[in-house]
Amino acid sequence: MDTQAIRQIAEKIKDSTRVVVMTGAGISQESGVPTFRGADGLWKSFRAEDLATPEAFDRDPVLVWQWYDWRRGLIKPLKPNPGHYALIELEKRIEDFTLVTQNVDGLHRAAGSKNPIEMHGTIWRVRCLECGNTFENREVPIKILPKCEACGGLLRPGVVWFGEALDEKILHAIYTCLQKAQVMLIVGTSGMVQPAASFGIVAKRAGAFVAEVNRSNTPQSSLFDLSIQGKAGELLPQLVEQVGW
Ligand code: BV8
Ligand code: ZN
């Protein structure tokens, strides 16, 4: 455990009022949610291009819904882990704290995060392709193919697929907080998916101290001020303790 590095980040956080944290699938791994590209990867038996795209849904909505239904069933009983809860502590104590997550599992909200920016949406919301109605749906299993109660139209998962643009307002909010951040933590992401993968550099160029928390080195590790290796569920609570509020 790199205590020196944790101490260094803790000092930066202690002296800051504007902190942004971005998380990826790695922060949910210790809750039992398979990551996307790791050995236990969700993608293991499927390729992203096969399922998490609008073309795939047009081609075979039943297969795509079977995959999401399987993931929802997997995630439903899972609980946040100490890594999620450590971020709640930061949220409580830092004047201007923003949590951005690539994850669609809903575990940050379940842990009590007040206003996580779920930039890729959430697996617990659905959207009607006919009337655009979006609403929460936690049915497991979900009836395939699910239909809109309002208009009978086909529902799709309320997530952002590859090849789909992110919500403009969400992107604007993210870039605004990246521009003013004094510290950015990047937790549990392989840095493979854009535009999320560029956020660390955007914050760094705007003057933030950027630290990566990941079980292993990533292609981006050398771009940041610090990169500490270890499990988010262990390192983040240590970091909060080190700040010593
Ligand atoms: C867009 C929702 C433009 C769906 C997801 C070529 C170059 C650049 C970009 C592109 C390109 N070709 C295509 C693109 C664009 C594409 C993209 O980036 N593709 C990649 C694959 C190359 N991006 C898009 O399409 C985005 N939209 O660009 O729009 C546009 C503009 C106008 C008009 C039209 C289009 C939209 C991308 C959103 C995709 N949706 N999710 C769903 O989940 O079903 S992305 C998906 O990947 C998840 O959200 C996930 O969170 C995310 C990123 O993965 P990670 O979170 O990093 O997970 P991964 O498994 O990879 O890594 C886990 C990490 O955790 C590892 O590093 C591991 O070491 C670590 N770890 C594991 N355990 C722990 C741990 N760390 C700490 N503790 C632990 N215990
Ligand atoms: Zn509808």
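The model is predicted: local features need pLDDT of at least 70, side-chain atom pairs count only at pLDDT 80 or more, and totals for chains, interfaces and linings use all residues. Residues are numbered from 1 along each chain as its sequence is written, chains are lettered from A and ligands numbered from 1 in the order in which they are written, and side-chain values use heavy atoms, with hydrogens and water left out.

- Strand β2 (residues 96–101) is largely enclosed by the rest of the structure, because 5 of its 6 residues are buried (under 20% relative accessible area, 1.4 Å probe, protein chains only).
- Strands here are DSSP runs of E with at least two residues, and helices are runs of H or I with at least four, numbered from the N terminus.
- Strand β1 (residues 18–23) pairs with β2 in the parallel sense over 6 bridges; pairing requires at least two DSSP bridges between the strands.
- Within β2, Asp-96 is the residue opposite Arg-18.
- Strand β3 (residues 117–118) also pairs with β2 in the parallel sense, over 2 bridges, and Ile-117 in β3 is the bridge partner of Val-100.

**Largest pocket**

- Two or more lining residues come from each of α2 (26–29), α5 (61–75) and β8 (209–214).
- The lining comprises 19 nonpolar, 18 polar and 7 charged residues (Ala, Val, Leu, Ile, Met, Phe, Trp, Tyr, Cys and Pro count as nonpolar, Asp, Glu, Lys and Arg as charged, the others, Gly among them, as polar).
- Domain 1 (3–32 + 79–120 + 166–243) and domain 2 (38–77 + 127–159) each give at least three residues to this lining; the bounds come from an automatic or database domain assignment.

**Second largest pocket**

- β4 (121–128) and β6 (155–159) each supply at least two lining residues, and β4 gives the most, with 5.
- By class, this lining has 7 nonpolar, 4 polar and 6 charged residues.
- Domain 1 and domain 2 each contribute at least three residues to the lining of the second largest pocket.

Definitions and conventions:
Buried means under 20% relative accessible area, exposed over 50%, partly exposed in between (1.4 Å probe, protein chains only).
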